[in-house]
Each structure stands twice: as C-alpha cells, then as structure tokens.
Amino acid sequence: MRLSIQLPGTGERGSDILIEEGAMERALGEMEVLLGGRRPFWIWDERVAALWLDRARELEWPVRSDEGMIRFRFSEANKRLAAIELLARELMRAGADRGGALVAVGGGVTGDMVGFLAAVFMRGIPHFQIPTTLLAQVDSSIGGKTGVDLPEGKNLIGAFHQPRGVWIDPRFLSSLPPEEMRQGMAEVIKTAMIGDEVLWRYVESHSESLRKREPEALARIISGCCLFKAHVVEADEKESGRRRVLNFGHTVGHAIEKVSGYEIPHGDAVAMGMMAATTLAVSWGRFPPADLARLEKLCQFWELPTRLPRALSPERVLDALGADKKRVSGALHFVLPVRIGETVEVIDPDLKDLRKVLESLAG
Ligand SMILES: NC(=O)c1ccc[n+]([C@@H]2O[C@H](COP(=O)([O-])OP(=O)(O)OC[C@H]3O[C@@H](n4cnc5c(N)ncnc54)[C@H](O)[C@@H]3O)[C@@H](O)[C@H]2O)c1
Ligand SMILES: [Zn+2]
C-alpha cells in the first residue's frame with residue numbers, strides 16, 4: 001500500500017509511505033528521487049545491523065555499509081540529549097553538512113532519536129524512516145513526533161519533524177523477539193478499536209497467520225494502522241484535538257506505567273488501559289458487553305494483561321491520573337469506545353466510577 005500524508009498550510013512537507021513486502025528493494029530508487037541530490041547518512045540500530053546487513057546484501061537490498069553509515073546502540077536508556085550530541089559529532093566526522101539527509105533504520109527509539117537529530121542538525125535536514133519493529137511500523141514512524149527523554153519523564157524534549165519517506169517492509173519482523181511483537185500488537189488492537197472495525201475483524205480472524213509473522217497478513221494490519229494514523233495526523237498534526245483519539249487506553253496506561261516505575265512495558269500498560277476505558281464504557285451502558293469480551297480475548301491471545309497486577313493499587317493509579325491532570329491543562333480527556341471502530345471523548349469522567357472499574361480489574 002502506498003500512502004501520503006499532506007500537511008497543507010503548515011509550510012511543512014508531508015511524507016510518502018510505502019508498506020509492502022519488497023519495500024526495501026524499492027527504497028533506494030525512490031529515496032534518490034526524494035533526496036534531490038542530497039547525501040544520505042544511514043543510521044542503524046546496531047542490533048538490527050547485526051541481524052540484517054548480511055541478509056540485506058543477499059536479498060540485494062539497496063543498503064550500504066561503507067561511507068555514510070553509522071551504527072549506534074539505541075535503547076530507551078540512552079534516548080537522551082547526550083546521545084544526540086554524540087551522533088551529531090559522528091555526522092560531522094562523516095562529513096555531513098546542510099546538504100545531507102538522515103535515514104533511520106531501527107525501532108521506535110532509533111526513529112525518534114534520528115528524527116530529532118534531523119530536526120536540529122544544522123537547524124534541520126530531511127530524514128527518512130525505515131522502521132523495523134512492529135511498534136515503529138504501525139505507530140512511531142508515522143506522524144513526525146521526534147524526541148528524547150529526560151530523567152523526569154519520557155519524550156520531554158522533542159520536535160515535530162515529518163519524515164520525507166517511510167519504507168515499511170514486514171520481513172524485518174521475522175527477527176523480532178516475541179516480547180516486542182506482543183508490545184506492538186497492543187497498538188494494533190488500539191488502532192482497530194478506535195478507528196477500523198474491518199481491521200479489528202481481520203486481526204481476530206488472522207491471529208495465527210500474524211503469530212507466524214506471515215508478511216502478507218502483517219502488511220495488511222500495518223497498512224490499516226498507518227492509514228488510520230495518517231488520516232488523524234493530517235487532520236491534527238500537533239495534537240490540538242483529533243489526534244487525541246490515539247490516546248485510547250493511554251490515559252490509564254500512562255498512569256500504570258508511572259506507578260510501576262516504568263517496570264510495566266508500554267504495550268502491557270496500554271492493554272490494561274484499554275480494558276479500563278472499555279469496562280467504564282460498558283458500566284455506563286455505552287459499549288456492548290459482548291465486545292468487551294472480544295477485546296479481552298484478543299488481548300489474551302497476544303498475552304497482553306487484562307487485569308491489574310496485585311502490586312498495583314487502584315488508588316495509586318488514580319493518584320497518578322490526578323497528578324497528570326494537574327500538570328496538563330486541568331482537565332482529564334478520556335477516550336471511550338462506543339463500538340468497535342468508534343470512540344467519543346469524555347472530559348473529566350467521574351473518578352468514582354473509574355475507581356470501581358479499576359477495583360473490578362484488580363488482580
Ligand atoms: N514518535 C511517536 O509518535 C512514537 C509513538 C509511539 C512510541 N514511540 C517511542 O517508540 C519507542 C519504542 O519503540 P520500540 O518498541 O520499537 O523500541 P526499540 O526501538 O527500543 O526496539 C525494541 C528492541 O527491538 C530491537 N529490534 C528492532 N528491530 C528489530 C528486528 N527487526 N529484529 C530484532 N530486533 C529488533 C531493538 O534493538 C530493541 O532492542 C519509545 O521510546 C516510544 O517513546 C514514539
Ligand atoms: Zn502507545
């Protein structure tokens with residue numbers, strides 16, 4: 001599938017996105033056109049380079065491992081400004097200037113960091129994304145959010161910088177550890193729940209093909225997610241309204257991550273957050289109970305938690321939600337499903353109701 005994100009009136013160029021088994025074979029030729037004579041600097045997640053460079057040569061993928069290629073050990077632990085400086089200095093050593101462009105090959109951490117580096121290096125140069133985790137393919141490579149963490153919290157330093165091109169090849173997922181697959185599936189389930197009932201039914205009916213990482217099935221769900229995210233980003237690039245729908249499951253999810261001291265992975269927290277929001281919607285008679293059971297079943301298939309762990313008290317999750325609310329803008333925006341594929345936004349839901357829901361989900 002080929003998609004393009006247009007951002008009219010923003011003065012920013014949009015992104016061309018290609019999702020297919022074979023996207024990598026096409027990347028070089030297409031990139032050359034988009035580069036318009038700029039010199040590309042490929043920045044690889046070291047782990048992905050170790051797994052894929054030899055294979056890439058066999059497959060005749062247009063990757064270079066010589067001049068203009070940087071490998072870096074990207075991880076959430078070094079998603080920091082200090083690493084951006086290191087990478088910028090590597091670029092200087094490699095001879096990069098204002099006429100360069102960056103190509104990020106790796107997961108969401110690589111994409112966020114290389115995107116941010118591109119936003120600030122020489123006051124901004126173009127960049128391209130080649131995402132290699134499910135999470136990066138369905139979520140983080142699309143939309144232009146880039147950045148790094150602070151000790152005080154994740155993604156607190158950043159910039160909007162749209163990639164010129166995104167090449168998504170599902171074959172990269174054949175080497176992804178099951179844990180990373182699971183985490184990415186939480187975002188797939190989220191997207192289907194908020195925006196695409198057809199995608200939802202596809203995920204339900206193709207669980208086995210997806211578990212076997214069949215490229216065709218993967219390409220189908222990645223396309224569905226990218227299509228939805230592209231529409232949302234086009235309508236609201238900088239998150240003033242519509243983009244908030246993407247936060248389904250994330251309000252409670254973030255509170256859970258925080259209370260656990262970030263021990264609970266993001267996808268797990270989002271799964272619990274989706275269960276909480278959906279159970280709340282059911283308790284208000286706004287969502288069919290049978291579809292809550294479908295959500296639970298799908299999460300269970302992907303081994304995503306549907307109950308809060310015993311060590312996590314609902315009270316502390318509510319406190320964390322309250323603290324977030326004070327910090328943001330005084331109101332809690334809560335995305336609730338009304339049916340599979342459609343949500344509404346509720347501002348400041350009754351926390352007593354949410355407490356009951358969290359208590360009912362406590363392990
Ligand atoms: N920009 C956005 O809109 C956005 C959205 C969601 C998440 N994010 C960010 O994304 C980050 C998480 O991304 P992630 O989950 O991809 O993490 P990640 O980049 O750390 O990748 C996870 C692990 O998988 C490895 N890996 C990557 N591709 C592989 C492959 N094909 N085979 C084997 N191993 C592979 C990596 O080396 C790493 O160890 C977070 O920092 C989060 O803040 C950004
Ligand atoms: Zn998320």
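In which strand does T343 lie? In this predicted model, T343 belongs to strand β11, which spans residues 342-347. Its relative accessibility is 18%, and since residues under 20% are classed as buried, T343 counts as buried. When neighbours within four places in sequence are set aside, the residues in contact with T343 are I194, V245, V335, L336, P337 and V338.

The zinc ion (ligand 2) is coordinated by three residues, namely E187 through OE and H250 and H266 through NE2, at 2.0 to 2.1 Å. Along the chain, these donors follow the spacing E-x62-H-x15-H. E187 is located in helix α6 (residues 178-195) and H250 in helix α10 (residues 250-259), so the pair ties together parts that are 63 residues apart in sequence. E187 and H250 are both buried.

Helix α14 comprises residues 351-361, and its buried residues are L354, V357, L358 and L361. Viewed down the helix axis, the buried residues of α14 fall within an arc of 95° and therefore line one face of the helix. The exposed residues K352 and K356 are carried on the face of α14 turned away from its buried side. At the start of α14, the backbone nitrogen of K352 is approached by a side-chain oxygen of D350, which reaches to within 2.9 Å.

Terms used: Residues are numbered from 1 along each chain as its sequence is written. Chains are lettered from A and ligands numbered from 1 in the order in which they are written. This is a predicted model: local features need pLDDT of at least 70, side-chain atom pairs count only at pLDDT 80 or more; totals for chains, interfaces and linings use all residues. Side-chain values use heavy atoms; hydrogens and water are left out. Donors are N, O and S atoms within 2.8 Å of the metal (3.2 Å for Na, K and Ca); water is not among the atoms, so sites may look incomplete. Helices (H or I, at least four residues) and strands (E, at least two) are DSSP runs, numbered from the N terminus. Buried means under 20% relative accessible area, exposed over 50%, partly exposed in between (1.4 Å probe, protein chains only). Contact means heavy atoms within 4.5 Å. The arc is that of the directions from the helix axis to the C-beta atoms. A polar contact is a pair of N or O atoms within 3.5 Å; within protein, one must be able to donate a hydrogen and the other to accept it, and residues adjacent in sequence count only if both atoms are side-chain atoms.
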